[in-house]
Amino acid sequence: MSANTIVCDGNEAAAWGVARSRPDMVAVYPITPQSGLAEKVADFVANGVIEGDLMDVEGEHSVLSVLKGASLCGARTFTATSSHGLAFMFEPYWRTPNLRLPIVMVIVTRDGISPQCVWGGQQDAMTVKEAGWIQLYCESDQEITDTVIMAYKIAEHPEVMLPVNVCYDGNYLSYGIEEVEVPEQELVDNFLGTKNVNWHAALDPDRPMGVDPLTGGANEEGAKLFTRYRKGHCKGMQNALKVIDEIHQDWQGLTGRYYGGLVEEYRLEDADYAILTISSMTGTGRDAVDVARDAGEKVGLIKLKTFRPFPFEALLNSIKKVKALGVVDRSVNYGWSCGPVFQEVLSVLYHLEKKIPAISFIGGLAGADITLDHFAQIIDTTSSTLKGETVKDTIWLNE
Amino acid sequence: MKIQARKIFDPSNIPDDLCPIATEYIYQKTGDWRAERPLVDREKCVKCATCWAFCPCQCIIEKPLWFEANLEFCKGCGICAQECPHGAIKMVEEIED
């Protein structure tokens, strides 16, 4: 245990990651289960731990609007939200990545309403997956601190220049108390380097420019220009795959802590089949794999660390090693009656030389636990497909 | 509020697919959308500038003795005709070329 080790919940772990990244401007509006983070960041600003400014605003729409302006003025910025806060933020939310503003925002994931629910679930983050932000998911409180810091380096990388969502499970991580080593300020300063967030679109009274000009329409030139920006955005996302991987390795070199970058494998090398997890459920998943391994099952685990951009090549390389796959989701894809991660993984399976069975499991909605028993069921069911069973329908763990 | 160090903005190294800023603005000729155009009766117009103040796309231009709309940008909304206190503007249907 080093001198910088503290015991805290996930919201405080995120706040320490923010503090070490030295933001110039923070704007927050509290919402369960993010409130603890909003309060801690406000506390840090009040007590000088964060030297930047905090802006109290009247709602999430204003939060991100303020930060867009601050980012265009050259400020490193931070905010966090959950669930319906994110829904209210959506108008500036999907404009931010198109403007290529490297804002870092935590989503403390929470299930959607209705019915009324204030507990964990990933429906909020999964609903906005096509808005053009990078999405990184965390398994532990330590991973939250580290991922927030890495998120700034990823977002501000000149070949990326995109906003990043650091997502972690509401309740399970937001209030889950663990040991967290807060990195030294000097280490983080050297890691992040010189800040330069608005080299591409600086608000400058000496050189006025319009941001977000009317573009597109039926005229050919407008359509070409609009297409060029969309393609450029996709290129930035693809560049991010390489950058995320490199930055995770750099962080490992400095701290010894590694989270897989894009995809992390656990006991996969000699596995016949695997379960695929995202965020905090992965910890239970690892234990369940250990239990099954002790019973002689050749099962492994694949953790999706990066969900946007989707790590197609990395995931294909992992899935190639197994003959069956069970994918666990903490949210719902209504259009396909399955989990959203599962639905994305199906696109990877198409590129395998030989088709393999895959099953969608949905659990942990609205704060429900995904237990070792659930994972035993997931492992048994996935294993059964290797013995000729066919499972077509989504399996709902909390039914 | 801290004062940010001002950097000189240098657009020369910015990739052209990065961010929509108005350094390469392409005009939308919104006049294409028009179904009716405002026709100004030059005898009645007293240059009170009411139409100029109300025009939502700011396309009213000043002539020596009257105001009229720039038809490259006038969308034909008719607000100028509605607001003109002298009844000097009426909307007439666009006839295709």
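Visitor: How many residues of domain 1 of chain A are in contact with residues of domain 2 of chain A?

Guide: 23 residues of domain 1 of chain A are in contact with 20 residues of domain 2 of chain A; contact requires C-beta atoms, placed from the backbone, within 7 Å. The model is predicted: local features need pLDDT of at least 70, side-chain atom pairs count only at pLDDT 80 or more, and totals for chains, interfaces and linings use all residues. Residues are numbered from 1 along each chain as its sequence is written, while chains are lettered from A and ligands numbered from 1 in the order in which they are written.

Visitor: Which residues does the domain assignment of chain A give to domain 1 and domain 2?

Guide: Domain 1 comprises 5-185 + 245-251 and domain 2 comprises 263-396, bounds taken from an automatic or database domain assignment.

Visitor: What makes helix 10 of chain A oblique to helix 13 of chain A?

Guide: Helix 10 (residues 281-294) and helix 13 (residues 372-384) of chain A pack at about 60 degrees, with axes 9 Å apart. Axes are lines fitted to C-alpha atoms, for helices over the stretch in contact, and angles run from 0 to 180 degrees between N-to-C directions. Angles under 35 degrees count as roughly parallel, over 145 as roughly antiparallel, 65 to 115 as roughly perpendicular and the rest as oblique. Therefore helix 10 of chain A is oblique to helix 13 of chain A. Both are DSSP runs (helices: H or I, at least four residues; strands: E, at least two), numbered from the N terminus.

How values were computed
Two residues are in contact if their C-beta atoms, placed from the backbone, lie within 7 Å.
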